[in-house]
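Here are my notes on the model you sent over. Have it open on your screen while you go through the points.

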Amino acid sequence: MRITNERNLPEALVKAVENDSYSMGDADKSVTGLLQPARQAALRELHADEVTEDASDRVYALYGQIVHKILEQAGEQSRNAINEERLFADVQGFSGEPAWTISGQTDTLTLTEDQRSWIITDYKFCTVWKFKRDKFDPDTPVMPEEYEQQLNMYAHLLRENGFKVDALKIVAMYRDWLIASAERDQSYPQNIAQTHDVRLWDEEEAKWFIEDRVRAHQEAIATSSYNVDDLVECTDDERWAKSPTHALKTNANSGRARKLFDSEEAAFEYAEDPANKMKAGWVVEYRPGENVRCQRYCNVQQFCSQWQNLKNEEAKLTSKEVAL
């Protein structure tokens with residue numbers, strides 16, 4: 001992959017991106033690699049010599065190096081804690097196919113008080129939105145699915161290496177945290193960094209999941225070698241797909257919606273209800289959906305027929321407004 005600098009970042013940042021020392025070691029795939037969409041990973045491997053990525057899109061990858069520095073400054077490893085340990089395990093994918101060696105590097109492993117098992121802690125630089133609140137329980141943040149999956153795959157690697165896992169934790173460091181928001185809203189994170197417990201899967205659930213991810217990537221690589229058009233398509237979740245919406249606005253020139261609806265019928269039903277006291281001049285605006293990852297965060301989009309088809313469909317669904 002070739003790094004470009006089309007957005008004219010300072011040279012120091014470009015060099016830092018280019019000199020990223022990350023390595024998954026002697027493995028077929030890393031845990032984070034398995035979490036990527038299988039289609040995307042196969043296309044990236046198939047077009048390795050053609051793929052480019054702008055340095056501005058790789059700056060967030062430097063946060064991993066910042067975590068390394070944080071752990072380094074925290075002090076020497078104690079007898080009860082291990083920092084940045086890379087573990088390996090063979091994981092069976094398709095029956096009859098050779099197992100893949102999977103690697104994963106934990107940020108910190110800490111022995112429990114009884115010294116019989118380990119706690120896995122991972123540090124994340126993220127936005128406050130990443131730990132959004134459950135609408136039914138505003139005091140409880142919702143754990144991002146990919147974080148839960150990542151740490152439970154680490155737990156599987158530990159078990160395969162003879163360790164017992166007791167708990168999983170995420171230390172979230174909010175890069176957009178505002179003290180004013182914390183003072184105004186008690187459901188907003190009350191500190192710039194917080195520790196969140198992650199649900200620990202049982203051994204069978206973790207084993208099944210990591211094997212399923214290996215199978216998905218093995219199938220994608222095998223398919224791309226003989227007919228790339230038959231590659232499994234990325235799911236809605238993998239594309240970070242946003243469904244189309246109908247926005248109820250005070251007037252045609254307003255960019256802000258008072259309320260969003262899944263259908264035009266639902267929007268009109270709300271507007272026509274006297275209890276909602278709608279006034280003349282309000283409009284319902286149709287807003288097409290989008291595939292956020294495909295559009296903004298995929299460096300193989302030019303080689304992907306699925307994205308080209310989606311883009312063509314999106315072009316037909318233009319925004320429109322209907323006056324009430």
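1. Confidence first. The mean pLDDT of the protein is 89, and 94% of its residues reach 70 or more; pLDDT is the predictor's confidence in each residue, from 0 to 100. Strand β16 (residues 320-323) has the lowest confidence, at a mean of 56, while helix α5 (residues 145-160) has the highest, at 97.

2. Ground rules. This is a predicted model, so local features need pLDDT of at least 70 and side-chain atom pairs count only at pLDDT 80 or more, whereas totals for chains, interfaces and linings use all residues. Residues are numbered from 1 along each chain as its sequence is written, and side-chain values use heavy atoms, with hydrogens and water left out.

3. Overall build. You'll find ten helices and 16 strands in the protein. Here helices (H or I, at least four residues) and strands (E, at least two) are DSSP runs, numbered from the N terminus. The C-alpha atoms fill a box of roughly 70 × 55 × 45 Å along the principal axes. Of the 324 residues, 39% are buried; buried means under 20% relative accessible area, exposed over 50%, and partly exposed in between (1.4 Å probe, protein chains only). Among contacts with a separation of 6 or more, 70% come from residues 24 or more positions apart, a contact being heavy atoms within 4.5 Å.

4. The main core. The largest nonpolar core has 35 residues, and I102, I120, F131 and I170 have the most contacts inside it. Helix α5 gives the most, with seven residues.

5. I170 up close. Leaving out residues up to four places away in sequence, I170 touches D122, K124, F131, M143, Y147, L151, Q194, T195, H196 and V198.

6. The cavity. There is one cavity of 30 Å³ or more, and the largest cavity has a volume of about 120 Å³. A cavity is a set of points on a 1 Å grid over the protein atoms alone where a 1.4 Å probe fits but cannot get out, and lining residues have an atom within 4 Å of a point. Grid points are joined across faces, edges and corners, and the volume is the space filled by probe spheres set on the points. Of the 16 lining residues, Q40, C234, C294, C298 and C304 are the closest to the centre. Helices α3 (38-46), α9 (292-296) and α10 (305-316) each give two or more residues to the lining.

7. Q40. Which helix holds Q40? Q40 is in α3, and this residue is buried because its relative accessible area is 5%. Not counting residues up to four places away in sequence, Q40 touches R293, Y297, C298 and V300.

8. Two more residues to check. T223, in helix α7, counts as buried at 9% relative accessibility. D236 sits in the loop between α7 and β11 (241-242) and is partly exposed, at 47%. D236 and N291 are 55 residues apart in sequence, yet 8.0 Å apart in space, C-alpha to C-alpha.

Definitions and conventions. 1 Å grid on protein atoms, 1.4 Å probe; cavity = no way out; pocket = protein on both sides within 12 Å on 5 of 7 lines; lining within 4 Å. Core = buried A, V, L, I, M, F, W, Y, C linked by side-chain atoms within 4.5 Å.
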